[in-house]
Amino acid sequence: MDPFTAATASEAIEQVAKCLGCSPVSFDVARFLDDHDDLRHLREEFVIPKVSHLPPSDLSLVDGSEDCLYFVGNSLGLQPKLARKYIEEELDKWAQMGVHGHTVGSRPWAWAENNIEQLMANVVGATRNEVALMNGLTVNLHLLLLSFYEPTTKRHKILLEDKAFPSDHYAVESQISLRGFNPEKSMLLMSPRKGERTLRTKDILDTIEKEGDSIAVILFSGVQYYTGQLFDMAAITMAGQAKGCYVGFDCAHAVGNVELRLHDWGVDFACWCSYKYVNSGAGGLAGAFIHEKNALTIKPALTGWWGHQLKTRFQMDNKMDLLPGISGFRLSNQPILLVCPLQASLEVFNMTNMKALRKKSILLTGYLEYLIKHFYTKDETNLRKAYVDIITPSNPEERGCQLSLSFSVPISAIYEELEKRGVACDMREPNVLRIAPAPLYNSFSDVHRLISTLGQALQAGHELQQS
């Protein structure tokens, strides 16, 4: 029996329980799923913090020698074990040969990022020449918008989510102002329907059809950071381009999380950070994409010497020999100490593929959803019982690995009690706890332990509320 081939997570869980002769919420189910997980060995490629090492842990409540329950890869991924080795190699090279490190070794500093672009392209569904590793996410977004956003009096709007990540909102606002337009008139913000928490694809497409002639650029996230909603990037791209708009995506919460096919979908441009699901470390080297169809027509508005062809870059004649496509958008040489952890992580991704990771992810997040609904659904017969509401779409095709949870009791107390018990997760105002089981390193046993710990946290939070 292979539970990973079941039509739905619920079916897989219940089939396993029936086979084992136990309850679907028994820990035996989690252990069975872990034993039959073909990707379980990838967990060994990462350093998992111990409970005792997490500053908020209360060692009177939990065993400090255990691995923590790390469900915050949507904010910062775990450290790949090879990251330290690769960084130390470059520190040693710097110490031993100084400037010669630019052209010597397995990671020559003058083109080290080029050596891992194919690995990154595999993760986002692109060709190598469509991907560049450089800067931070917001810097890359600004560079891309400087070239793709060319407003006219007729076509000057940028369509984005009303609750886009703040950095995206600020970038769009400033780009519009930079061109002499009014953000209040040129920012077209989409909100969910009244009483709903996520956007309907139909409403997005209807807005594009209605407003498309006035829209210059459509910029959505791949996965919405707050709700965890996975947008239909293929449909949005097709609809936007049919109306003459450029279509781009901030893939910060999508890369390494869901299957992306940026090339096949015809996306015009995209950018992403790499420190979340791609595990490159805080402030890690970011990525950017321009589709090959735009490589010869879209030029960088700002240029630097790293956008110059490598073969002639060091002739220093000040005659720009611009690389086509996204590579021409490079400004400066990339920090080698940021290349190292990104390489370490991408090599782990290269041990599998996004299709396999996504297959596990759907079941892993489905298992979390199943257990939450079993234990913490609102009980109409006991209105005093604390409950959890999942605001992320229930359809696996409309979400990544993250579930965003709201609670019937004050969330700050629940968050604090979880942290005391060795759970690393993420609270976002006004009332959401984001739980992200990452398929590279989270296990089904982790999920089961989390649910048990959540019960303790809810009880403790309830007692605090009553006192």
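**One residue and its surroundings**

Tutor: Apart from neighbours within four places in sequence, Thr392 is in contact with Thr227, Gly228, Arg399, Gln402, Leu403 and Ser404, where contact means heavy atoms within 4.5 Å. The model is predicted: local features need pLDDT of at least 70 and side-chain atom pairs count only at pLDDT 80 or more, while totals for chains, interfaces and linings use all residues. Residues are numbered from 1 along each chain as its sequence is written, and side-chain values use heavy atoms, with hydrogens and water left out.

Thr392 is placed in the loop between β11 (388-390) and β12 (403-407); strands here are DSSP runs of E with at least two residues, helices are runs of H or I with at least four, and both are numbered from the N terminus. With a relative accessibility of 4%, Thr392 counts as buried, a word that means under 20% relative accessible area, with exposed over 50% and partly exposed in between (1.4 Å probe, protein chains only). Two of its contacts can be described in detail. The side chain of Thr392 reaches the backbone oxygen of Thr227 at 2.6 Å, and a polar atom of that side chain lies 2.7 Å from the backbone nitrogen of Ser404. Such a polar contact is a pair of N or O atoms within 3.5 Å; within protein, one must be able to donate a hydrogen and the other to accept it, and residues adjacent in sequence count only if both are side-chain atoms.

Another loop residue, Asn279, is found between β9 and β10 (287-290). Asn279 has a relative accessibility of 1% and counts as buried, and its phi is near 60°, a positive value in a residue other than glycine. Asn318 also has phi near 60°, and lies in the loop between α11 (310-313) and α12 (336-349). At 78% relative accessibility, however, Asn318 counts as exposed.

The strands β9 and β10 belong to an open sheet of 7 strands, in the order β4-β10-β9-β8-β7-β5-β6, with mixed pairing; two strands pair if DSSP finds at least two bridges between them. Its edge strands, each pairing on one side only, are β4 (131-133) and β6 (187-190). From one strand to the next, the twist averages 15°.

Leu159 stands opposite Leu188 in β6. Leu188 is buried, with a relative accessible area of 18%. Among the residues that Leu188 touches, beyond those up to four places away in sequence, are Lys157, Thr207, Glu211 and Ile215. Leu188 and Lys157 are 31 residues apart along the chain, and their C-alpha atoms are separated by 6.3 Å.

Helix α4 (residues 117-124) lies across β4 and β9 (269-272), running at about 120° to β4; axes are lines fitted to C-alpha atoms, for helices over the stretch in contact, and angles run from 0 to 180 degrees between N-to-C directions. Helix α6 (residues 166-178) packs on the sheet, touching β5, β6, β7 (215-221) and β8 (246-250), and its direction makes about 155° with that of β6.

Finally, one further loop deserves mention. Pro430 is placed between β14 (426-428) and β15 (432-435), and a cis peptide bond, with omega about 5°, joins Glu429 to Pro430.
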